Amino acid sequence: MEDGPVNLREFQELAKRNLPKMYYDYFSGGAEDQFTLRENVEAFQRIMLRPRILVDVSKIDMSTTLLGYNMSSPILVAPTGSQQLAHPQGELATARAAAACNAIMVLSFASNYSLEDVASTCNAVRFYQLYVCSGFLNKLFGPLFDTFCLRFHCFITCSFEQFLQVFKRRDVSATLLQRAERNGYKAIVVTVDTPRLGRREADEKNKMIIPRNSNLEGLISVDADLTGGSKLEAYASETLDPSLSWKDIEWLKSITKLPIILKGIITAEDARKAVDAGVSGIVVSNHGGRQLDYTPPTISVLEEVVKAVSGAVPVLLDGGVRRGTDVFKALALGAKAVMIGRPVVYGLAANGEHGVRSVIKMLQNELELTMALAGCPTLRDITRNHVMINHERPRSLL
Ligand SMILES: Cc1cc2nc3c(=O)[nH]c(=O)nc-3n(C[C@H](O)[C@H](O)[C@H](O)COP(=O)(O)O)c2cc1C
Ligand SMILES: CCCCC(=O)C(=O)O
């Protein structure tokens with residue numbers, strides 16, 4: 001029998017072996033030149049550690065809290081869409097694995113299993129990720145409005161039509177929020193780096209399919225031109241609302257009691273705006289290099305965001321986290337926790353629920369060892385002095 005993977009990277013190889021090319025390319029790929037995709041990983045390798053010795057590390061405590069919820073480690077599962085393309089059990093398997101590791105899972109808006117199915121698969125603290133939609137057909141009111149728009153098209157002013165569109169779109173998002181609340185999700189993660197889908201050239205070449213989105217069934221019907229390259233891209237441009245702006249965050253806050261976390265902030269300016277808008281958390285993310293290429297690797301802008309936020313809300317980071325040492329580095333630079341995207345999908349493709357569990361456990365174990373070797377028995381002991389970014393190294397060593 002073949003030996004199992006010994007690190008997160010080896011899961012990627014297994015996933016590649018198990019998946020059809022179209023799906024593997026979708027999971028692994030990034031936007032355009034894939035510069036940011038590569039840099040997310042490589043930037044971690046430009047940060048060195050400064051361990052402290054002769055600290056009692058006979059007990060390591062990785063536990064922490066986020067928005068008042070306990071976690072066994074500062075590692076969350078990032079929202080990734082269409083997990084049934086990796087394994088038939090898809091999001092159900094991921095949810096069970098995350099629960100077994102006491103790790104918070106953020107369920108993607110683009111999940112194959114519905115948020116109700118995932119909620120009922122096992123008990124755990126979970127968050128729901130929302131894309132604000134621009135749906136054209138609302139189940140209850142949509143047909144009515146569409147007939148109305150069509151029949152009176154000549155007589156209605158453009159702004160009135162726009163008003164109806166906004167109303168319908170908001171209705172879909174509001175419905176999703178209510179369902180998330182009813183099903184026990186504890187926070188809403190609003191992804192703000194995707195007014196349109198980034199250009200993933202492999203998906204174009206492969207004519208990537210539109211995976212099923214159970215959450216939107218009966219809520220949105222898509223009338224996309226599906227003849228071209230990536231059908232997912234065509235679908236996204238019909239579904240995602242590119243007019244989403246700061247005032248909508250206020251609106252979202254007004255229609256849910258759940259805390260709102262913004263995912264996809266990579267500048268101090270936007271971080272300050274997010275705090276002013278009253279959000280409960282920020283995820284420093286460039287969507288794993290899948291959206292705007294040539295954005296900086298997330299670990300390189302984390303400190304800027306953390307300084308801008310100055311403790312007002314927790315700051316999380318995702319993008320390129322593949323080692324326990326990466327988690328440690330992110331914490332040293334001010335992150336409250338990290339999220340992992342692709343490694344979870346690769347674990348799922350490699351070995352279903354068991355594979356995801358191995359991925360999370362492996363990263364947790366690596367973090368624990370890193371903390372011991374760096375002289376940090378608790379997460380509070382990890383400080384800025386425990387890391388050194390390459391340009392901070394003594395000149396003679398460069
Ligand atoms: C296949 C795939 C699907 C994704 N789907 C979503 C999504 O539906 N919503 C979202 O906010 N982010 C999505 N992301 C981005 C992740 O949440 C996360 O930001 C990113 O994967 C982190 O980088 P990493 O993969 O290097 O860990 C997706 C990422 C991947 C790889
Ligand atoms: C409309 C689905 C988008 C999924 C996503 O966010 C991604 O593939 O990165």
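The shell around ligand 2 is made of two nonpolar residues, four polar ones and one charged one. The residues surrounding ligand 2 are Gly81, Ala110, Thr194, Ala236, Thr239, His287 and Arg290.

Where does His287 sit in the chain? His287 lies in the loop between strand 9 (281-284) and helix 12 (298-309). Is His287 buried or exposed? His287 counts as buried because it has 26 C-beta neighbours inside 10 Å, and the cut-off for buried is 20 or more. Leave aside residues up to four places away in sequence, and His287 touches Asp193, Thr194 and Gly264.

Strand 8 covers residues 260-265, and six of its six residues are buried. Strand 8 has a partner in strand 7 (residues 188-191); the two run parallel and four bridges join them. Within this pairing, Val190 stands opposite Leu262 of strand 8. Strand 8 also pairs with strand 9, again in the parallel sense, over four bridges. Here Ile261 has Gly281 in strand 9 as its bridge partner. Follow the chain past strand 9 and you are back in the loop that holds His287.

Now move to strand 11 (residues 337-340). Which way do its residues point? Ala337 and Met339 point one way, while Val338 and Ile340 point the other way. All four of these residues are buried. Strand 11 also has parallel partners. Three bridges join it to strand 4 (residues 75-77). In that pair, Ile75 stands opposite Val338. Another three bridges join strand 11 to strand 10 (residues 315-318), and these two strands run parallel as well. Asp318 has Met339 in strand 11 as its bridge partner.

Next come two residues with a backbone detail worth checking. Gln34 is not a glycine, yet it has a positive phi of about 60 degrees. Gln34 is found in the loop between helix 2 (21-28) and helix 3 (35-44). How exposed is Gln34? It is partly exposed, because 17 other C-beta atoms lie within 10 Å. Ser310 is not a glycine either, and its phi is positive at about 35 degrees. Ser310 belongs to the loop between helix 12 and strand 10. Why does Ser310 count as exposed? It has 10 C-beta neighbours inside 10 Å, and a residue is exposed at 12 or fewer.

The protein averages a pLDDT of 91, and 87% of the residues score at least 70. The model scores ipTM 0.99 and pTM 0.92. Where does pLDDT stay under 50? That stretch is residues 136-158. For these residues the model has 22 contacts beyond four places in sequence. Where pLDDT is low, the predicted coordinates should not be read in detail.

Methods: Residues numbered from 1 in each chain as written. Chains lettered and ligands numbered in written order. Predicted model: local features only at pLDDT ≥ 70, side-chain atom pairs only at ≥ 80, totals over all residues. pLDDT = per-residue confidence, 0-100. Contact = placed C-beta atoms within 7 Å. Near = placed C-beta within 6 Å. Nonpolar A, V, L, I, M, F, W, Y, C, P; charged D, E, K, R; others polar. Pairing = 2+ DSSP bridges.
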